[in-house]
Amino acid sequence: MRLIRMVQQQTKSAQSNKISTYLTLIVLVVFALSIVSLFVAVETYLIGDIITAGLFAGLGFIAMLICLFLLFQTRRQAAEVKLDIPKVMAVIECQNKDCANKTLREFQRGDFVFKDLDIACGKCGGKQMITGIYKEVKEKEKTYAV
Ligand SMILES: [Zn+2]
């Protein structure tokens with residue numbers, strides 16, 4: 001169950017990556033259009049058509065503002081995603097019943113529950129086994145209404 005959820009999360013982040021690349025493409029196109037419209041605004045102003053120039057300048061500025069807003073938004077989202085990588089931990093237990101030493105270490109590729117480890121127990125030198133794998137979830141700070 002835990003594994004399935006992890007896989008789902010990974011695909012979700014891949015999807016959001018795709019979306020962000022589409023977004024940056026759209027932002028680039030809108031940015032190019034805004035530059036063109038500003039250029040047209042200058043041209044029409046030089047000709048003497050102040051109304052059309054103002055219209056194009058306005059359009060250009062709005063498009064540019066949208067670009068900046070979108071860029072800011074995607075940057076912030078990327079930063080949030082980076083901060084939120086959960087740690088996966090493996091629980092290692094000594095198979096010697098008199099010792100039953102429990103240790104934790106970060107999950108390594110190829111780890112699975114009930115896997116026998118080559119690393120001997122630090123206390124008694126007995127065989128060790130992975131007895132659990134879990135994802136550390138940082139609980140968000142709770143706020144209480146007073
Ligand atoms: Zn031991």
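Helices (H or I, at least four residues) and strands (E, at least two) are DSSP runs, numbered from the N terminus. By that rule, the protein chain holds two helices and four strands.

Before you click, two notes. Residues are numbered from 1 along each chain as its sequence is written. This is a predicted model, where local features need pLDDT of at least 70, side-chain atom pairs count only at pLDDT 80 or more, and totals for chains, interfaces and linings use all residues.

**Stop 1: the whole chain**

The elements run α-α-β-β-β-β. Next, think about burial. A residue is buried if 20 or more other C-beta atoms lie within 10 Å of its own, exposed if 12 or fewer, and partly exposed in between; the C-beta atoms are placed from the backbone. Of the 146 residues, 6% count as buried.

Now contacts. Two residues are in contact if their C-beta atoms, placed from the backbone, lie within 7 Å. Among contacts with a separation of 6 or more, 51% come from residues 24 or more positions apart.

**Stop 2: the sheet**

Select the four strands. Two strands pair if DSSP finds at least two bridges between them. In which order do the four strands lie in the open sheet? The order is E2-E1-E4-E3, with antiparallel pairing. E2 and E3 are the edge strands, since each pairs on one side only. Strands of a sheet pair through backbone hydrogen bonds, either parallel or antiparallel.

**Stop 3: E1 and its two partners**

Select E1, residues 88-94, and E4, residues 128-135. Seven bridges join these antiparallel strands. Pick Val91: it stands opposite Gly132 in E4. Then pick Ile92, which faces Ile130 in E4.

Turn to E2, residues 102-106. Five bridges join E2 to E1, and the two run antiparallel. Ala90 has Arg105 in E2 as its bridge partner.

**Stop 4: the loop between E1 and E2**

Select Ala100, in the loop between E1 and E2. Most residues other than glycine have a negative phi. Ala100 is not a glycine, yet its phi is positive, about 50 degrees. Is Ala100 exposed or partly exposed? It counts as partly exposed, because it has 13 C-beta neighbours inside 10 Å.

**Stop 5: the loop between E2 and E3**

Move on to Phe114, in the loop between E2 and strand E3 (116-117). Phe114 also is not a glycine, and its phi is positive at about 75 degrees. It counts as exposed, because it has 8 C-beta neighbours inside 10 Å.

**Stop 6**

Select E3 with E4. Two bridges join these antiparallel strands. Leu117 has Gln128 in E4 as its bridge partner.

Finish at Gly126, in the loop between E3 and E4. Gly126 is partly exposed because 15 other C-beta atoms lie within 10 Å. Which residues is Gly126 in contact with, leaving aside neighbours within four places in sequence? They are Cys94, Gln95, Asn96, Cys99, Ala120 and Cys121. Draw a distance from Gly126 to Gln95, 31 residues apart along the chain. Their C-alpha atoms are separated by 6.7 Å.
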